[in-house]
Amino acid sequence: MKTKPVGRLVVCGVGLIGGSFALALKAAGMVREVVGIGRSRVSLERALALGVIDRIAADWGDALAGAEVVLLAMPVGQTEAVVKAMAPHLAPGTLVTDAGSTKRNVIEAFYLHLEPHLAHTVPGHPIAGAEKSGCEAADATLFRDRKVVLTPLPENEPGSVLRVAQLWQACGALIREMSPQEHDRVFAAVSHLPHVLAYALVHDLAERANAEQLFEYAAGGFRDFTRIAASHPEMWRDICLVNRQAILAELDQYLSELAFIRALLLSANGPGLEDVFAKARAARMAWGERYVNGGGSDE
C-alpha cells in the first residue's frame, strides 16, 4: 500500500532525531511542510537556515493549525510539560508519536493529558543516534536499516499504528513492536547502562590528579568504549532518572559481574579469566555478525 505524504509535520525538538526524521521524510518526498517548535529560538532559526524545517511556530496554537502529524523529539524529561501545553490545541485525528528512549513516563503523560486523542497517539523509539547533537548533526540517512520500536497503546487505532510505521519505513527504518514495560527493561540493559558506564569511566579519569597524562595515552580501546560519553548530558540525565529502577537493577547485575572478575583477579585465576573473556568474545562476535554487519543499532 502506497504511503500517503504528510501535508504538515510538526517537530518538537529539532535536534539530531527530530531533524533527521524531517530530513529523511523530505528526501523521500513524504512531507510538504515541516514546522519546528522548541525551547530555543536560536536552534530553531539554525534549523530553518539549514533547511531542516520550513517554518518556526510561534506557539502550539500556531504549530498545530492544520497539522497532520506531530513528532515529539525533545528530552524525555520535558514530555509532560510539552504534552500538557499542546493538548488544548490538538485537533481530533492529528497523529502524535514520539522518539523517547523511555516509554513509561511518556505513556503516563499521554494518558494524563491526551486521553481524547489516544486513538491517534502512538509511542515510539528510533534506535539510532550519534554522540553529536543539535540540528547541525541531523542526517537524512540516520534511520536507514535501523530499528524503530513502537509500543502501541490498547486505545490505538490500527490505522494510526500503521501510519506511524509507514512514516518510519519511509525513513529507511525497520519496525519492531514490544510492550512499554519490556521496552524499558531491555533498553536499560543494552543502551542506558552502557551510557552510564561510559560516563562513569570518563568522569573517574577526568577527576584524577594525573588526568592529563591518562588522556594523553588513551587510544583505540578507550575511544571505542567511551564514544557515547560524548552524548547529550541533559538527554541522558532525563533517561536515567525516568528509568532509574530498571537501570539500578542492571547496575546491580553488572556490579555482581565485576565482583566475580575481581575475585578471579585477586586469586590470579588465569583459566577463569580466560573463560569469561572467551565467552564474552564469542557473544560479541555473534552479535556483530548477526546485527551490526547487517545494519545494527546504535544510540
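Phenylalanine 215 is partly exposed in this predicted model, with a relative accessible area of 33%. Phenylalanine 222 also counts as partly exposed, at 21% relative accessibility.

**Aromatic pairs**

- The count of aromatic pairs comes to 3.
- One of them joins phenylalanine 143 and tryptophan 168, with 5.0 Å from centre to centre and 80° between the ring planes, an edge-to-face arrangement.
- This pair links distant parts of the chain, since phenylalanine 143 belongs to the loop between β7 (124-126) and β8 (147-150), while tryptophan 168 belongs to helix α6 (residues 158-170), 25 residues apart.
- Phenylalanine 143 has a relative accessibility of 1% and therefore counts as buried, the cut-off for that class being under 20%.
- Tryptophan 168 counts as buried as well, at 1% relative accessibility.
- The ring centres of phenylalanine 215 and phenylalanine 222 lie 5.8 Å apart; their planes stand at 65°, so this pair is edge-to-face.
- An angle over 60 degrees is what places a pair in the edge-to-face class.
- One aromatic cluster is formed by Phe21, Phe143 and Trp168.

**Helix α7 against helix α11**

- Helix α7 (residues 180-206) and helix α11 (residues 244-266) have axes that come within 9 Å and cross at roughly 65°.
- That angle makes α7 roughly perpendicular to α11, because the class runs from 65 to 115 degrees.
- The crossing of α7 past α11 is right-handed.
- On the α7 side, the contact is made by Asp184, Arg185, Ala188, Ala189, His192, Leu193, Val196 and Leu197.
- On the α11 side, the contributing residues are Ala246, Ile247, Glu250, Leu251 and Tyr254.
- Sorted by class, the contact of α7 with α11 has 9 nonpolar, 1 polar and 3 charged residues.

**Helix α7 against helix α10**

- Helix α10 (residues 233-242) packs with α7 at an angle of about 125°, and the two axes are 11 Å apart.
- This angle makes α7 oblique to α10.
- The crossing of α7 past α10 is left-handed.
- Ser191, His192, His195, Val196 and Tyr199 of α7 meet Pro233, Trp236, Ile239 and Cys240 of α10.
- The residues of the contact of α7 with α10 divide into 6 nonpolar, 3 polar and no charged.
- His192 and Val196 of α7 take part in the contact with α11 and in the contact with α10.

**Helix α11 against helix α12**

- Helix α12 (residues 270-292) and α11 pack at an angle of about 145°, with their axes 8 Å apart.
- The crossing of α11 past α12 is left-handed.
- Glu257, Phe260, Ile261, Leu264 and Leu265 of α11 make the contact together with Gly272, Leu273 and Val276 of α12.
- By class, the contact of α11 with α12 has 6 nonpolar, 1 polar and 1 charged residues.

**Surroundings of leucine 23**

- Leucine 23 is located in helix α1 (residues 16-27).
- With its neighbours within four places in sequence left aside, leucine 23 is in contact with Gly51, Val52, Ala138, Asp139 and Ala140.
- Leucine 23 and threonine 102 are separated by 79 residues in sequence and by 24 Å in space, C-alpha to C-alpha.

- Aspartate 145 has a phi near 65°, a positive value in a residue other than glycine.
- The loop between β7 and β8 holds aspartate 145, and phenylalanine 143 is also found in the loop between β7 and β8.
- Aspartate 145 counts as partly exposed, at 38% relative accessibility.
- Alanine 268 likewise has a positive phi, near 50°, and is a residue other than glycine.
- Alanine 268 lies in the loop between α11 and α12.
- The relative accessibility of alanine 268 is 65%, so this residue counts as exposed, the cut-off being over 50%.

Note on methods
Residues are numbered from 1 along each chain as its sequence is written. This is a predicted model: local features need pLDDT of at least 70, side-chain atom pairs count only at pLDDT 80 or more; totals for chains, interfaces and linings use all residues. Side-chain values use heavy atoms; hydrogens and water are left out. Axes are lines fitted to C-alpha atoms, for helices over the stretch in contact, and angles run from 0 to 180 degrees between N-to-C directions. Helices (H or I, at least four residues) and strands (E, at least two) are DSSP runs, numbered from the N terminus. Angles under 35 degrees count as roughly parallel, over 145 as roughly antiparallel, 65 to 115 as roughly perpendicular and the rest as oblique. A crossing is left-handed if the near helix is turned anticlockwise from the far one by less than a right angle, and right-handed if clockwise. Contact means heavy atoms within 4.5 Å. Ala, Val, Leu, Ile, Met, Phe, Trp, Tyr, Cys and Pro count as nonpolar, Asp, Glu, Lys and Arg as charged, and the others, Gly among them, as polar. Rings of Phe, Tyr and Trp (its six-membered ring) pair if their centres lie within 6.5 Å; planes under 30 degrees apart count as stacked, over 60 as edge-to-face and the rest as tilted. Buried means under 20% relative accessible area, exposed over 50%, partly exposed in between (1.4 Å probe, protein chains only).
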